[in-house]
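Hi,

Here is the structure I promised to pass on.

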Amino acid sequence: MTDCLDEKCRDIALFPEENPFPVMRVSNQCDLLYANRTALKILSPWRCAIGEPVPDFICQKVKNSLQSNVRLTLEISCENRFYALTLVPVLERDYVNFYGQDMTQSKLAIEQLRQNEMRFQQIADFMPQLVWTADPSGVVDYYNERRNEFEGFTQNPDGSWAWAPVVHPEDQEETVEAWKKAYQTGTAYEIKHRVKRSNGRFCWFLSRAFPIRDETGKIIKWFGTATDIDDIKKVEIKLAQAKKAAEEANQKLKELASTDVVTGLLSRRAFMDEAQRLFQLAERYQRPFSFLIIDIDHFKKVNDTYGHL
């Protein structure tokens, strides 16, 4: 029985030594009481051995933990690896236990994400369009440097952006509704509206946004752009005005071609068009129709002689 207990005690004693993460104990006097192999390795830059004082920055953490009786955290790097240490105070023994975790992969992932975001922002700032992003709920959280070319953008304390004042008052309701429909349904966003430049002038822009989804299909981000189409829009407006004027002129020509400008009576062309229409109706419905033709060649002479009839 005693041998069995001794074996279990030895196994338990080996547990921290076999732990791949750092485990150590520091006294209230900041002396290193225990450290497993991994802990000694990360302390090696300070040449700290068991029974010797730990570095000042660790000592300060130990004193703070014991005085406040709270768990604290400490990050240490060693040979391109990053460790997060949790300090657990043991007041009745006047020491602090350290339990570590390897955070290298998390650190590298965060750093990679930071670099990717920096690279994206650098690319976005060189683009001629206004570039923006939004979270899944439709809150805009980023604009590139082109935002300085517009009037009305304001950033909130939480980092989000208010953008509605930038849009022309007559286009705001339609724009807000279009964006709301997009992020609520997950469909692409596209609208043409007037946006206020920093000089106070409103110009036409084409705004678009598309959702980015994860492997499950859940939207994780919106990426959008606003492209200046003011010159194109002005040409479109002029073409529409020219088309309308041409249609009105064409209608006027038809009226002039079908009516005698002196008498106001229908012209021969109008008569032939009307006759053709009646012939088609008669043929469709198999019904006869009649023409009453009056010779008015001598009406002018009669009118001049006897007055207008």
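Let me start with helix H5, residues 169-185: at 1.5 Å a residue its 17 residues should span 24 Å, and the end C-alpha atoms are 25 Å apart, which agrees. (The expected span is 1.5 Å times one less than the number of residues; helices are DSSP runs of H or I with at least four residues, strands are runs of E with at least two, and both are numbered from the N terminus.)

Before going on, the ground rules: this is a predicted model, where local features need pLDDT of at least 70 and side-chain atom pairs count only at pLDDT 80 or more, while totals for chains, interfaces and linings use all residues. Residues are numbered from 1 along each chain as its sequence is written, and side-chain values use heavy atoms, with hydrogens and water left out.

Back to H5. Asp-171, Thr-175, Trp-179 and Ala-182 are its buried residues, where buried means under 20% relative accessible area, exposed over 50% and partly exposed in between (1.4 Å probe, protein chains only). Looking down the axis of H5, the buried residues fall within an arc of 60°, so they line one face of the helix; the arc is taken from the directions from the helix axis to the C-beta atoms. An α-helix has 3.6 residues a turn, so residues three or four places apart point the same way. On the face of H5 turned away from the buried side you'll find exposed Glu-173, Glu-174, Lys-181 and Gln-184. The cover over the buried residues of H5 includes E6, E10, strand E11 (202-213) and strand E12 (219-228). Just after H5, Gly-186 has a positive phi of about 80°.

Helix H3 (residues 56-68) is worth a look too. Its 13 residues reach 18 Å from first C-alpha to last, close to the 18 Å expected. Ile-58, Cys-59, Val-62, Ser-65 and Leu-66 are buried in H3. Seen down the axis of H3, they fall within an arc of 130°, so these residues line one face of the helix. Asp-56 and Gln-67 are exposed on the face of H3 turned away from that side. Packed against the buried residues of H3 are strand E1 (23-27), helix H2 (37-43), strand E3 (72-78), strand E4 (81-90) and strand E5 (95-102).

(On a 1 Å grid over the protein atoms alone, a cavity is a set of points where a 1.4 Å probe fits but cannot get out, and lining residues have an atom within 4 Å of a point; points are joined across faces, edges and corners, and the volume is the space filled by probe spheres set on them.) Its lining has 14 residues, with Trp-132, Tyr-143, Trp-163, His-193 and Ser-207 nearest the centre. Strands E6 (130-134), E7 (140-143) and E10 (189-196) each supply at least two lining residues, and E10 gives the largest share, 3 residues.

Leaving aside neighbours within four places in sequence, Gln-129 is in contact (heavy atoms within 4.5 Å) with Asn-144, Arg-146, Thr-225, Ala-226 and Thr-227.

Cheers

Terms used
On a 1 Å grid over the protein atoms alone, a cavity is a set of points where a 1.4 Å probe fits but cannot get out, and a pocket is an open set with protein on both sides within 12 Å along at least five of seven lines; lining residues have an atom within 4 Å of a point.
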